[in-house]
Amino acid sequence: MTPDESPTPLIHARGLTKKFGEFTAVDAVDFDVASGESFGFLGPNGAGKTSTMRMVGCVSPVTAGTLRILGLDPNVDGPRIRGRLGVVPQQDTLDTELSVRDNLVIYARYFGMSHAEARTKADALLEFVQLAERAKDKVEPLSGGMKRRLTIARALINDPSILLLDEPTTGLDPQARHLLWDRLYRLKQQGVTLVLTTHYMDEAEQLCDRLVVMDKARIVAEGSPLQLIERYSTREVTELRFAVGVQETLDGQLEGLGERIERLPDRVLVYSNDGEAAAAAANQRGLRPETVLVRRSSLEDVFLRLTGRSLVD
Amino acid sequence: MAVSGAPYRLRSAGDLPRRSPLAGLGAAYEHMWLIYRRTWRGSIFGSFVQPVLFLLAMGVGLGTYVDTASPDALGGVPYIQWLAPALLVSTVMQGSVFEATFPVLGGFNWDRRYHGMYATPLTPFAIAFGQLGWVVTRALMVASIFAFVILLFGAAATPGIVLAIPVAMLTALAFAGPVAAFMSTQRDTAAFNSIWRFGVTPLFLFSGTFFPIDRLPDFLQPIAWVLPLWHGVDLARALALGTVGQQPLLHLAHLVILLAGAIVGLVATYVMFKRKLER
């Protein structure tokens, strides 16, 4: 569903701006998120993703522009809107003095659920995030991945209309990330609207139906991962890695190998629709890279094209 | 383990219930009870031991000496009876500074509990006053145990000792409010150590708990007037000894100043919590 087809988007932002004194963290961004959609903010650290998420989460007043969530204005109806949101913040906010289960039970109480309702829901959610065996343990000794899963369970306690996830898998090992992605994917299948920020393009490709790329407080591109790749990159990429010092001597020898050349500190990226042909052409010119890798374009390439730098820097 | 879908119920987007701020306050307060349930044994024991030690050392030990040396120094009242209600208030004051420091620093900086609370329908009002409500509850507990120990020691001059409990709660709030408001601006315990060394300890020693403030050098006496501890100490003592009627205006002034301190503390905490949460 695109925003145009949906009469009332769950989130509607126009000219949304956040300033901290003189510093502009979010500069007049526009976006809509429809019900059931999985929407992502992709961008490097400091791009304004978290500030945007905090405004959507109704914990940070909007400086200028329009923001409507579930049809309401956060500056007026913040607590009511928050009652229908589930939030997975970048930094954990679990109560380390309480048990795993009590963390969920007390959170349910914040949404006005009865004790009985809270306990039933807490146990079902612990089952879902595979923490049922740790229910009585304290939070402190849990691994990073477990804490994240507990935070996700907590965010689901009120059957939220929108689940906001700010860098949900940053700092987790690959296994923990995949388990988390699996759970988020199940939620998406059940119709939960997901809004997430990430600086991992694989995460964005896995989870997002549609995303915006943010850079320096602005939205620089919008579309599905596939659309963005088609629009801003070629089908394939040939990565040429040269021996130390060689790359600097290649002036003029790389031009025309593909539609576009990107020089990174450690390798050269050749963008074309036929990566093998580009590699063969390089070989014909007498270039002798140490390694050659032909791959499909990814969001990383889109980002590189749009901002001139890689995502995690 | 068989896991399929999440226990999730899709609700209509228009389902947006309103909740009263007081319900949120209740939930924030309930959170503190839940934490306390894990630690209450140690805390009750501590609340019991401290008055026993102080009443033994100061009340019985020092008191015997004072009473023998000058029986009329305190208007003929035995030192332990004179000391006990004041010590109750001073001890509760110290506890309230602790309760307004570590939970607040933790809530904003360590486990960031407050930020988690604020992501829900809870408001800064609920978060701030849930915390202060808990401080007052702890004051009630500590003061009640202290009063019980005083009765065990036979150190109560009149049943008025019971009235020292609400005075202690009010004094606790007058201290906890400003301390909580200030701690919301701090990232670590560095300032707390200074508050304790240069604020709480001198107050504890020089606010008329152990000797009348007219024994202080003249230039220090106005300080006792400005800070709320002496007002709590002197009011609790008068109630316990049954001497309120002797200086009704003074004791009314004590009550007004304590109330003013408590209100200033409540407002300051609310304003600072709101500022810190809404960024």
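Predicted model: local features only at pLDDT ≥ 70, side-chain atom pairs only at ≥ 80, totals over all residues.
Student: How many residues has helix α5 of chain B?
Tutor: Helix α5 of chain B covers residues 124-152 and has 29 residues. Helices (H or I, at least four residues) and strands (E, at least two) are DSSP runs, numbered from the N terminus. From its first C-alpha to its last, α5(B) reaches 42 Å, close to the 42 Å expected at 1.5 Å a residue; the expected span is 1.5 Å times one less than the number of residues.

Student: How many residues of α5(B) are buried?
Tutor: The count is 21 of the 29 residues, so α5(B) is largely enclosed by the rest of the structure. Buried means under 20% relative accessible area, exposed over 50%, and partly exposed in between (1.4 Å probe, protein chains only).

Student: And B:F125, what does it count as?
Tutor: B:F125, which lies in helix α5 of chain B, counts as partly exposed because its relative accessibility is 27%. Leaving aside residues up to four places away in sequence, B:F125 touches B:P21, B:L22, B:L25, B:G130 and B:Y270. Contact means heavy atoms within 4.5 Å. The C-alpha atoms of B:F125 and B:T101 are separated by 18 Å, and these two residues are 24 apart along the chain.

Student: How do the axes of α6 and α9 of chain B cross?
Tutor: The axes of α6 (residues 164-183) and α9 (residues 228-241) of chain B come within 9 Å and cross at roughly 175°. That makes α6(B) roughly antiparallel to α9(B). Axes are lines fitted to C-alpha atoms, for helices over the stretch in contact, and angles run from 0 to 180 degrees between N-to-C directions. Angles under 35 degrees count as roughly parallel, over 145 as roughly antiparallel, 65 to 115 as roughly perpendicular and the rest as oblique.

Student: Which residues in α6(B) and α9(B) meet?
Tutor: On the α6(B) side they are B:A164, B:V167, B:T171, B:A174 and B:F175, and on the α9(B) side B:P228, B:L229, B:G232, B:L235, B:A236 and B:L239. By class, the contact has nine nonpolar, two polar and no charged residues. Ala, Val, Leu, Ile, Met, Phe, Trp, Tyr, Cys and Pro count as nonpolar, Asp, Glu, Lys and Arg as charged, and the others, Gly among them, as polar.

Student: How many residues of α9(B) are buried?
Tutor: In α9(B), 13 of the 14 residues are buried, so this helix is largely enclosed by the rest of the structure. Helix α9(B) reaches 20 Å from its first C-alpha to its last, close to the 20 Å expected at 1.5 Å a residue. Just after α9(B), B:G242 has a positive phi of about 75°.

Student: How many helices and strands has chain B?
Tutor: Chain B has ten helices and zero strands. Buried residues make up 51% of its 279 residues, and its C-alpha trace spans about 80 × 40 × 35 Å along the principal axes.

Student: Turning to chain A, how many helices and strands are there?
Tutor: Chain A has ten helices and 13 strands. Of its 313 residues, 56% count as buried.

Student: What is the phi of A:C58?
Tutor: It is near 60°, a positive value in a residue other than glycine. A:C58 sits in the loop between α1 (49-56) and β4 (64-69) of chain A and is buried, with a relative accessible area of 6%.

Student: Is A:A217 buried or exposed?
Tutor: A:A217 counts as buried, at 5% relative accessibility. Its loop runs between β8 (210-215) and β9 (218-223) of chain A, and its phi is near 75°, a positive value in a residue other than glycine.

Notes. Residues numbered from 1 in each chain as written. Chains lettered and ligands numbered in written order. Heavy atoms only, no water.
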